[in-house]
Structures are given as structure tokens and as C-alpha cells.
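Here is a short briefing on how two chains meet. Confidence in the model comes at the end.

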Amino acid sequence: MNCAELEGRLHPFLDGELDVAEMSEADAHVTECPGCRGRVAREREFRQLLRRQPRESAPPELGERIRARIGRSARWAAVRPWLAASAAAAVAAATVLLLPALRAPTPLVSELVDKHIAFTQMEEPAELASGDPEAVARWFRERAGLRVTVPDYSMAGIRLIGARIAEAREHHASYVLYEKGHTPLSIFMVPIPGREADLPGTRVTYRGHEYVTLERKGYRTVSWADGQATFGLVSMLDYDALLECADKLRAGRAREARL
Amino acid sequence: MARRRLLGWATGEDRRGEFEEVALVHLDALYRSALRMTQNRAEAEDLVQETYLRGFRSFHRFNPGTNCRAWLFTILRNAFRSRWRRRGHELVAADAATLDAESESATVDGAAGHPEDEFFQTVLHGDVDRALKTLPLPFREVVILADLEELSYKEIAQVVDCPIGTVMSRLSRGRALLRQALGRFGREHGYLKKPE
């Protein structure tokens, strides 16, 4: 490295932002060139002058004020969905009275099938690409405040690919993507309580639990609701595999609820 | 709230706890920078408060594991710039582009002709903040982030939303301008001789 080259890299050199090779070349030049050594020393001293500036702390009452504002905002955020829900319920009641024929919207499961198709066609279907169930669960919790059970199906050769936050029925829903070979499996959790009877399809019982199966657009779906949320599995995998996955998810969720 | 918990969803309170844990540790750094940007305590406090509220509201978009400090600085900078614009200050991308072009060609050396130790002895308390104020905003912000808050080039590039190369040239120009301004104050204080 010569003097001109060093001059051009002076700031990244001093800031430690050169790569290892350039760093050692610059170092070598500075060691043997008195002119550049002086230049570097002056710049370094200037940098230190700036770093010696008093580092003030925020006034303590500012922290308190911010905490209080965030607290108010958090409480309001908790109330808002219920206000919206009661408003929606009022509209729904009115709609049922006036237009009973329009009462049944697209089944939730159809919406989930459409999402499965859309997501799996994306180049990167997962917002968070991870094969670690715990990391995925943590991500939902931190990212959207969702408590999601992410089962490990690796024993059955079903690989966890990742996750994203989806929207369904105007709620943040969790979307977890798995793959068996090249066949994707999507698992949705939508935080709307419902009863199995509300889901269209064939009712089946598997290991003592009731599920609803339905085929849409060539995809098989297994869905159920547990009074807290509605779950839907969408895939081209066969029903036995889907029911087994559903059963594992249910068992995992029950286990987490007990903890 | 109890019903939300039953649904298996974190409440606003949970989210609040998480946010406070990861974000409030940067309060001092944000406050210092806000103070240096605004040069006004009441306004700096207001700006930091706005930053945290905006941050909390968009916390669901924050990717855990990524850099919370840089994320908060980005929000602070955007909040500052919208206030700045609301007050009729013109700060458009074109300004920064012109300044960047100038900084490519210009070389400034404020301490030229003065022995370095003499130069540093003349810097009085408050001079650095006063000198920062004379810098155009695009330079002021990168100098504050790099030299006073010690963010990496990558973090600064994220905060000011431009390539690392631009960060480097703004930083080099900004530091030179800062040095020049400090030299000027030194002459005003009578400690440095006027260049002949």
C-alpha cells in the first residue's frame, strides 16, 4: 500500500472497518512511512477528542415518563380488539337480520388453502427460515405476541422449514411450514374460537379427538378448534399423516398449557 | 386481558415487558444523540419519547436477534427529520446528493498549519457540540453515530438508509468540516494564530 492508497482508506482504517488483508497492508505501510504515521496519529487523537466528550445520561424522569406512556399504549392495545369485535358483532347481528342469505362467508379452511398455495409458490415462503421448533416459537412470541406450539415431526421425516405471520379473518395468524420430501405441509393457527361443527367437511375421530377433513383444490385439510383458536393443516400428504401431525400438535399444546 | 391470554395470545403487557427489556437500555444513547441533533433539552426529551412510542407500536415488525440499537436510531432519525421538515427546513435527498458529490472532490483540513497538540488544547468545553451544529445534517448525523455513539459503518448505513460507501465519504467529509469549525473557534478564543 502506498501513501495515496492509505489516504483513501484512512477513515475505515482508523475505524477498524477494513478487511483483515487491507488492515495489515495499511498497518505495514504506516509502520514504515513517517509521514503517514503522523497523519494517522493526528486523526486518532482527533477521534479520541470526540470520544472524550461528556456522555450525558437521560434525565431519570424521562425514563419514567416513557414507561408510563408505553403502559398506556399497551393497555389501549389490549382493549382495542375487543371494541372492534363488539362493533363487528353488532354489524354481524344486523346483517343476519336483514340478509340471512349472505350469512355464510367463505369457509375459513378455503382461505387457508388459498394461503397455502400462495405461500408455497413464493420463492421464500418463510419469513423466518429455521428448522428449530424452539426458535420458531420464540420468534412468534417476540414478533407478534403469539404463543404457538411448534411440534417436531422430524422422526416422521417431516422437516421444519420456517414460519411467517399470516392474516386470516382480520387476525394475525401463525403459519408454520414443514416439508416431507418435496411435499409442503402448512399449519395455521387462527385465534378465533369456534366449535368443530362450524367447520364444513367430514367429521372424523382420531385418538379420541374430533377433526374435520375437507378437500379443496386438490389439497387435503384437517381442522379443529379448541375453544381458544382454530387450527388448520393443509397439504397433499395423506389423511393418516395429517391426522397424526394434528394429534401431535394437540398433545404438545395440551402439555404447554399445563406448564 | 384474561380472555386474550386464554386465546393463547400474549397480552399488551407481555409485549410491553419484552419491549422495555430490549429497548430501554438504549435510552441514554438515544437521548445524547437527540440532544446533539436538536441542541435543545426539552425537544430532545420529546423526540426520544416519540421514538419509543413509535418503536413500541411497530415492535411486532422488529426482528428479534437483529440490532435493536440501530433499529431505534433509525426511528429517532426519521422522527427528527419529519419534525425538521415540518418546520420548513428543506432537507431532501437532492441536498445530500449534492453534498456527497462535493465531498468526493473536496479536501478540508481545518488544523492545517497548526501543531496538533496546540490545536487540541484549544478545544473548550461545549465547542464540539457547537461545531457539530455548523455541520449540514447528513454529515452531522454520521459523525454523531460513528464518533460519539460508536456505531459500525453497517449500522450507520442501516440508520441513514444509504450504502456503506456513502457513509464513508460523509464521515470523512464530516470529520474534516468538524475539525475546520473547531479550528475556527480556537482562533476566536484567541488560542490559535490566524493562518498567515
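A salt bridge here is a side-chain nitrogen of Lys or Arg within 4 Å of a carboxyl oxygen of Asp or Glu. By that rule, eight salt bridges are counted between chain A and chain B. The model is predicted.

**Charged and polar pairs**
- One of the salt bridges joins the side chains of Arg67(A) and Glu20(B), at 3.6 Å from N to O.
- Polar contacts across the interface of chain A and chain B number 13 residue pairs, with both residues at pLDDT 80 or more.

**The chain A side**
- Four helices of chain A each supply at least two residues of the side that touches chain B: H2 (10-14), H4 (34-51), H5 (60-98) and H7 (133-144).
- H5(A) gives the most to this side, with 14 residues.
- By type, the residues of this side of chain A are 20 nonpolar, nine polar and 18 charged.

**Extent of the interface**
- Chain A brings 47 residues to the contact, and chain B brings 56 residues.
- About 5,100 Å² is buried between chain A and chain B.
- Carbon and sulfur atoms give 59% of that area.

**Confidence in chain A**
- The average pLDDT of chain A is 83, and 86% of the residues score at least 70.
- Within chain A, strand S8 (residues 230-235) has the highest confidence, at 94.
- H5(A) has the lowest, at a mean of 66. H5(A) is also the element that gives the most to the side touching chain B.
- Over residues 93-105 of chain A, pLDDT stays under 50. For this stretch the model has two contacts beyond four places in sequence.

Terms used: Residues are numbered from 1 along each chain as its sequence is written. Chains are lettered from A and ligands numbered from 1 in the order in which they are written. Side-chain values use heavy atoms; hydrogens and water are left out. Contact means heavy atoms within 4.5 Å. Buried area is the accessible area (1.4 Å probe) that two parts lose on being put together, summed over both. A polar contact is a pair of N or O atoms within 3.5 Å; within protein, one must be able to donate a hydrogen and the other to accept it, and residues adjacent in sequence count only if both atoms are side-chain atoms. Ala, Val, Leu, Ile, Met, Phe, Trp, Tyr, Cys and Pro count as nonpolar, Asp, Glu, Lys and Arg as charged, and the others, Gly among them, as polar. pLDDT is the predictor's confidence in each residue, from 0 to 100.
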